[in-house]
Amino acid sequence: MQTPPVALTIAGSEATGGAGAQADLKTFQQHGVFGTIALTCIVSFDPKADWGHRFVPVDPQVIADQLEVITTTYGPELLEVAKIGMLGTPATIETVAGALRERGFGHVVLDPVLICKGQEPGAALDTDRALKAQVLPLATFVTPNHFETMSLSGMDTIESVEQLTEAARRIHQASGAVVLAKGGVHLPGDDAIDVYVDADRTEILSAPKIGDGVQVAGAGCTLAAAVAAQLALGATPLEAARSAKDFVTRGIQERLASNAPFDVVWQGS
Ligand code: PXL
């Protein structure tokens, strides 16, 4: 009998396997964590239209059903980490927030995917607002990218490590969650900088930028899933952040090329 920790991802399918629930599940498996998925939506890039997102939400009742059976199958002694990826609609957010309030999790790792190309801008704004109001307060660990960090902190520009740090502190103060704000390729310099903030400390995580401006899909999903997996294995939040940064850096170094205009992270190294 195996007794690995179990983790849940509440995320969308990205058919090509680069991002979303597919990246999460592969990341969990690579860490020796047993993965479960409550699927929120199905994204199919459109190769005939610039690889834009074709987006189909899963019926909220079907999302509630998946969460019901997962949390009934695995009690809190086995499953205490939930990772949240793309939710996509206000109705989905309502359903997921309700389920999270009903069945508490020790750790809720939120990758606050704010904008999905191919969605109506009006709908996306509603979705952003609902995510901030209903899901962010339930998160214990949040991993915003550069754009999401500006949106969640209310800062108009983030062009330096100091500004990224200030933004991460603001998000921590407003939400209470541990924050890992990702500068990625958006800050100047040779390094990809992420800023970690919890109640006691601020830490700058740094790794050399990889490739020559190459776009890599799935890095954000993989990072948050690796944080979730490490927490499930008993790491502290700071240990989880450091380890996840290393994991995603390796995954980007060993990425796959494809016919899409972006490469994809390889979790299997
Ligand atoms: O990387 C963000 C993301 C998350 N989840 C799904 C996606 C994407 C980006 O394409 O398709 C399902």
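**Entry 1: His53 and the ligand.** I started with His53. In this predicted model, an N or O atom of the His53 side chain lies 2.9 Å from an oxygen atom of the ligand. I then looked up how covered the ligand is. On its own, the ligand exposes 310 Å². The protein buries 81% of that area.

**Entry 2: The pocket.** Where does the ligand sit? I found that the space it takes is the largest pocket. Two elements each give two or more residues to the shell around the ligand: β1 (6–14) and β2 (34–46). β1 supplies the largest share, three residues.

**Entry 3: The shell.** I listed the residues around the ligand. They are Gly12, Ser13, Glu14, Ala19, Gly20, Val43, Phe45, His53, Met86 and Cys221. Then I sorted the shell by type. Five of its residues are nonpolar, four are polar and one is charged.

**Entry 4: The whole protein.** I stepped back to the fold. I counted eight helices and eleven strands in the protein. The C-alpha trace spans about 50 × 50 × 40 Å along its principal axes. Last, I checked the radius of gyration. The protein has 17 Å. A compact globule of 269 residues would have a value near 18 Å, so the two agree.

Key. Residues are numbered from 1 along each chain as its sequence is written. This is a predicted model: local features need pLDDT of at least 70, side-chain atom pairs count only at pLDDT 80 or more; totals for chains, interfaces and linings use all residues. Side-chain values use heavy atoms; hydrogens and water are left out. A residue is near a molecule or strand if one of its heavy atoms lies within 4 Å of it. A polar contact is a pair of N or O atoms within 3.5 Å; within protein, one must be able to donate a hydrogen and the other to accept it, and residues adjacent in sequence count only if both atoms are side-chain atoms. Accessible areas come from the Shrake-Rupley method with a 1.4 Å probe; for residues, only the protein chains shown count as cover. On a 1 Å grid over the protein atoms alone, a cavity is a set of points where a 1.4 Å probe fits but cannot get out, and a pocket is an open set with protein on both sides within 12 Å along at least five of seven lines; lining residues have an atom within 4 Å of a point. A molecule sits in a cavity or pocket if more than half of its atoms lie within 2 Å of its grid points. Helices (H or I, at least four residues) and strands (E, at least two) are DSSP runs, numbered from the N terminus. Ala, Val, Leu, Ile, Met, Phe, Trp, Tyr, Cys and Pro count as nonpolar, Asp, Glu, Lys and Arg as charged, and the others, Gly among them, as polar. The radius of gyration is taken over C-alpha atoms; the globule rule is 2.2 Å times the number of residues to the power 0.38.
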